[in-house]
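Hi,

Here is the structure I promised to pass on. Have a look through it first, and then read my notes below.

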Amino acid sequence: MRAPDTILPLTAEGLGFARNGVDILCDVFLTIEPGAPTLIIGPNGAGKSVLLRLLHGLLDPTAGRIVYAPAPEPRRRQAMVFQRPVLLRRSVLGNALYPLALAGVPRGERDARARAALALVGLEALAGRPARRLSGGEQQRLALARAAALNPDVLFLDEPCASLDPAATRAVEQIVTALAARGTKIVMTTHDLGQARRLAGDVVFLHRGRLLEQTPAEVFFTEPETPEAAAFLQGQLVW
Amino acid sequence: MNDLGSALTTAASMVTTADPAVVQVVLLSLRVSLTAVAIAALVGLPLGALLAVAQFPGRRVMIVALNALMGLPPVVCGLLVYLLLSRSGPLGPLGLLFTPTAMVIAQAVLIAPILAALARQLLEGMWEEYSEQLRSFGAGPWRAVPTLLWDGRYALLTVLLAGFGRASAEVGAVMIVGGNIDGFTRVMTTAIALETSKGDLPLALALGMVLMAIVLTVNAAAQVLRDSSARWAG
Ligand SMILES: Nc1ncnc2c1ncn2[C@@H]1O[C@H](COP(=O)(O)OP(=O)(O)OP(=O)(O)O)[C@@H](O)[C@H]1O
Ligand SMILES: [Mg+2]
């Protein structure tokens, strides 16, 4: 486990995000505690990606606020893998090195850390290849590797398995579990309910820009509090 | 027609035997234009990258001004640099007028806006794609400038080649600030203009052939680079 200096718990207090007068997220209260992964689930367009961007500080909330535990440089202690990752026009290794350089990791350490991260996702053999020529799934794994290399307190993953084959999905789940065991808090979205069951410590259920539940996983999957969540679990909730 | 034929043969032999008069003029042309491109790149590329990423008051005005300056006629550019460098001008005491340095300055002034404007267009698209990812890594616009210049390096090489093409082909600016002094500030374009008016067609043609060859090589190189950058960019 990590030393007590961490940006967790992270809380959202009445978080809202509106664009052009339309509420995309509204009145969200939640707490991200250290421990097992927090899974954010909900139908398409529910606001999951927007919520991750707000929590990560890429979007400014139009209402409410986000509070981190007091730790120095909160921005540097978190990383995010986007639903559509953007790889730099560099080699695979170059992509893993870049965020380490920005984070101020000493030059001598970067190479070893970047290569270890590539090994974690099984890309070490492709280190010299141009990153943007990788397959979609390989690109997603590279995006995960370079974020994990930063060793953040919180790692936001927006559908990290969306275009992965079953074996790669299993591999990513193992990586997520390993990162969680080493003390990295994972906050991720997924549309794969089986995956959510396997990974989740707690579940945040979003529907139409509102947070309907934040409950421990056992409770959520057996007796969800809201009818919307129950319908969603049975595949009957449309948007 | 016969004149042209014999002029062509003489010109060809001047090129193949590396006639010293031709070689000297060609080398000075290359030196002046390459130095001008290097200096213009040092200013123009970072400026273009900055305009692509940064939001500041006056940005739009600067972009419009740069685009307008892309069409700056070389003679006007030459005239402005002439006024700067002439004996009574602000930089007159440096004594640079009618030297190769003055020609470098004029060409650099001519193409820096071109490099900046082309770099901005190119990097703006890349920034649109990169910005959120880079912000997630903790990089703001300032830190993004070197990143974009590096990641766009293959595509930017074609921008440099465009600048070089423009510099080596222009005649007005170097004529005004260089003075076309034989053996000192005479470059290919000014020599061609002069020899043609004097009626020394073989020398003019020989230089014209070299100039054409350089322009063709530059364009071929630009094509190859574009292709390889596209392969890399994916
Ligand atoms: N920057 C933005 N400006 C305006 N509207 C936006 C913006 N970002 C997202 N939206 C809108 O907000 C809603 C929620 O988007 P979001 O990407 O969070 O959905 P999601 O829950 O991640 O869906 P999916 O499961 O399809 O990924 C969508 O209707 C989207 O069009
Ligand atoms: Mg999404």
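Which hand does the crossing of α3(B) and α5(B) have? It is left-handed; a crossing gets that name if the near helix is turned anticlockwise from the far one by less than a right angle, and right-handed if clockwise.

Before you go on, some housekeeping. This is a predicted model, where local features need pLDDT of at least 70, side-chain atom pairs count only at pLDDT 80 or more, and totals for chains, interfaces and linings use all residues. Residues are numbered from 1 along each chain as its sequence is written, chains are lettered from A and ligands numbered from 1 in the order in which they are written, and side-chain values use heavy atoms, with hydrogens and water left out.

**Chain B**

Chain B has 10 helices and 0 strands. Helices here are DSSP runs of H or I with at least four residues, strands are runs of E with at least two, and both are numbered from the N terminus. The C-alpha atoms of this chain fill a box of roughly 70 × 50 × 25 Å along the principal axes.

Back to that pair of helices: α3 (residues 59-69) and α5 (residues 100-136) of chain B pack at about 125°, and their axes are 8 Å apart. Axes are lines fitted to C-alpha atoms, for helices over the stretch in contact, and angles run from 0 to 180 degrees between N-to-C directions. That makes α3(B) oblique to α5(B). For the cut-offs, under 35 degrees is roughly parallel, over 145 roughly antiparallel, 65 to 115 roughly perpendicular, and the rest oblique.

Next, follow α5(B) to α6(B): their axes come within 10 Å and cross at roughly 125°. So α5(B) is oblique to α6(B), and the crossing of these two is right-handed.

Helix α6 (residues 141-151) of chain B also packs with α2 (residues 20-53) of chain B, at an angle of about 125° and with the axes 9 Å apart. Those two are therefore oblique to each other, and α2(B) passes α6(B) in a right-handed crossing.

**Ligand 1**

Over in the ligand shell, 13 residues surround ligand 1, and the closest are A:Asn44, A:Gly45, A:Lys48, A:Ser49 and A:His191. To be near the ligand, a residue needs a heavy atom within 4 Å of it. By class, the shell has 4 nonpolar, 6 polar and 3 charged residues. Here Ala, Val, Leu, Ile, Met, Phe, Trp, Tyr, Cys and Pro are nonpolar, Asp, Glu, Lys and Arg are charged, and the others, Gly among them, are polar. Helix α1 (residues 48-56) of chain A gives the most to this shell, with 3 residues.

An oxygen atom of ligand 1 is 2.7 Å from an N or O atom in the side chain of A:Lys48. For A:Glu159, the distance from a ligand oxygen to a side-chain N or O atom is 3.4 Å.

**Two backbone details in chain A**

Most residues other than glycine have a negative phi, and most peptide bonds are trans. A cis peptide bond joins A:Leu8 and A:Pro9, with omega about -5°. You'll find A:Pro9 in the segment before β1 (10-19) of chain A. A:Arg208 has a positive phi, near 50°, and sits in the loop between β8 (202-207) and β9 (210-216) of chain A.

Cheers

How values were computed: Polar contact = N/O pair within 3.5 Å; in protein donor to acceptor, adjacent residues only side chain to side chain.
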